[in-house]
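Thanks, everyone; I would like to take a few minutes to go through some individual residues in one model. Please have a look at the sequence and the structure first.

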Amino acid sequence: MVENNTNRIAKNTIALYFRMAVMMLIGLYTSRVILNVLGVEDYGTYNVVGGVVSMFSLLTSSMSSSISRFLTFELGRGDKDHLKRVFSTSLNVQFIMAAIILVATEIVGVWFLNYKMNIPEGRMEAANWVMQCSILTFVVGLLMSPYNASIISHERMSIYAYVSIWDAVMKLVIVFALYISPFDKLKSYAVLLLCVSLMTTCIYWIYCKKHFEECKYQRILDKKLLKEITGYAGWGVVGDGAWILNTQGVNILINLFFGVTLNAARGIATTVDNMVQQFVRNFMVALNPQITKSYAAGDYEYMHKLIFFGSKYSFFLMLFFMIPICLETKLLLTLWLKIVPDYAVVFSQLSLMASMCMMLSNTLTTAIAATGKIRNYQLVVGMMSLSIFPMTWIAFKIGMSPVSCYVIYLIVFFLMIFAKIKLVKDRINMSGIAYVRNVLMKALSVTILAIIIPLSICLIQEDSVLRLIEICLISAFCTLVSVYFVGMSAFERNYCKDIIERKFRKK
């Protein structure tokens, strides 16, 4: 059973990495061209206006997470009838939420855009086009969340990978369409992205209807089940609200204090961070259902192994890319974008460092979500996360640098690691000391050993493409060696040796 689960995780991870490789190549190219076609101001405008709509996901993201958890849990239990009730009840709830969001964004969001935001002169009409397209895209995505949750819960990552690649290719087509569009570039970009979103939604809907029995809609609104789902989601609002303020809220603060040029820099930093995090997210998307299912089945020993394994190797995966990117950020952004907005370099570096801290505790979040008892977790961790927004506002208000917001991120995310360990360990009978020893200490040791030589080269040699290639190769080698000899346990090293030996025997 455990071996089958491990093989499933491996196969799903491979499918997602294939998706990511294609999407990354397309994404790197499209981001560069979009920045050049739209210009820094329009790029920043799109980033901040889309962020206003995302602010309203406070009302929906916790519900979507709740739906995903309940679907995965029922699959772990094997109760198909209850699974159907969960899906249909969830979809009915999303219809109600979609109506609320549509009204709220059309009233509050449009007012805030037109009367409070710092939009360049003459671009307000285009900004309103972006707002309307972003609202429709958001509502459509909301209605599809139960279907997407079903795909992930069933661990059908191959279709998830293929559709995501199709979506990325269509966005590449948008780039070429912008070159020949006789209309306003920003308006055209918003409308075309909406069209791609609608087509992608249709593909997921057709696939789920065909392959998953529970995805056939029934007029069910189970009150008891609704209470459980909304109760779980209610506490999730605290954490999701903090996350929204930390991302889009801080984005708006940057706009109000520094203007759209720095929103463009933040958009670039977010793109870089998301590109690197994709390597980890793909791994975690494949792993998370197994954590929830192992809890549902009462297999706590296997659950603990998955938690340690997931936290440790998600950190190592990100470290592999973070070292060369952080050491050569300026040159990489110049080669990629040609136009590098002010602060984009330091924003990117600090954003990656903050994400590294998050990687060390992501599986702990999945574990507590699997239990369904998230009140204390959300109160403590949510409040810690929520502190980032007011601290950033104070920092900007007293005249501190825009960089201060990322420094605040880094400090709070680091402290949250230990808060999560404390909150989770008793809930799932996990040893906090074992987590520190097997995850945190190994992560710290591997990082120190892996960065010494690349950092020395960076300090000694002048900027050049040759140095970039040298650092990429050496940092990759140093990271792999450090992970193998320091990061892996004896069992994991022997497992790797067995796999390699089997491959050679086949040849």
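This is a predicted model: local features need pLDDT of at least 70, side-chain atom pairs count only at pLDDT 80 or more; totals for chains, interfaces and linings use all residues.

Let me begin with Tyr343, which is partly exposed at a relative accessible area of 35%, where buried means under 20% relative accessible area, exposed means over 50%, and partly exposed is in between, with a 1.4 Å probe and protein chains only. Residues are numbered from 1 along each chain as its sequence is written, and side-chain values use heavy atoms, with hydrogens and water left out.

Tyr343 sits in the loop between helix 10 (329-337) and helix 11 (344-359), helices being DSSP runs of H or I with at least four residues, numbered from the N terminus. Although Tyr343 is not a glycine, its phi is positive, at about 75°.

Asn429, also not a glycine, has a positive phi near 55°, and its place is in the loop between helix 15 (404-425) and helix 16 (432-460). With a relative accessible area of 60%, Asn429 is exposed.

Is Gln277, in turn, buried or exposed? Gln277 is buried, at 8% relative accessibility, and it belongs to helix 8 (residues 260-296). Setting aside neighbours within four places in sequence, Gln277 is in contact, meaning heavy atoms within 4.5 Å, with Met318, Ser355 and Met359. The side chains of Gln277 and Ser355 make a polar contact at 2.8 Å, that is, a pair of N or O atoms within 3.5 Å, where, within protein, one must be able to donate a hydrogen and the other to accept it, and residues adjacent in sequence count only if both atoms are side-chain atoms.

Definitions and conventions
Helices (H or I, at least four residues) and strands (E, at least two) are DSSP runs, numbered from the N terminus.
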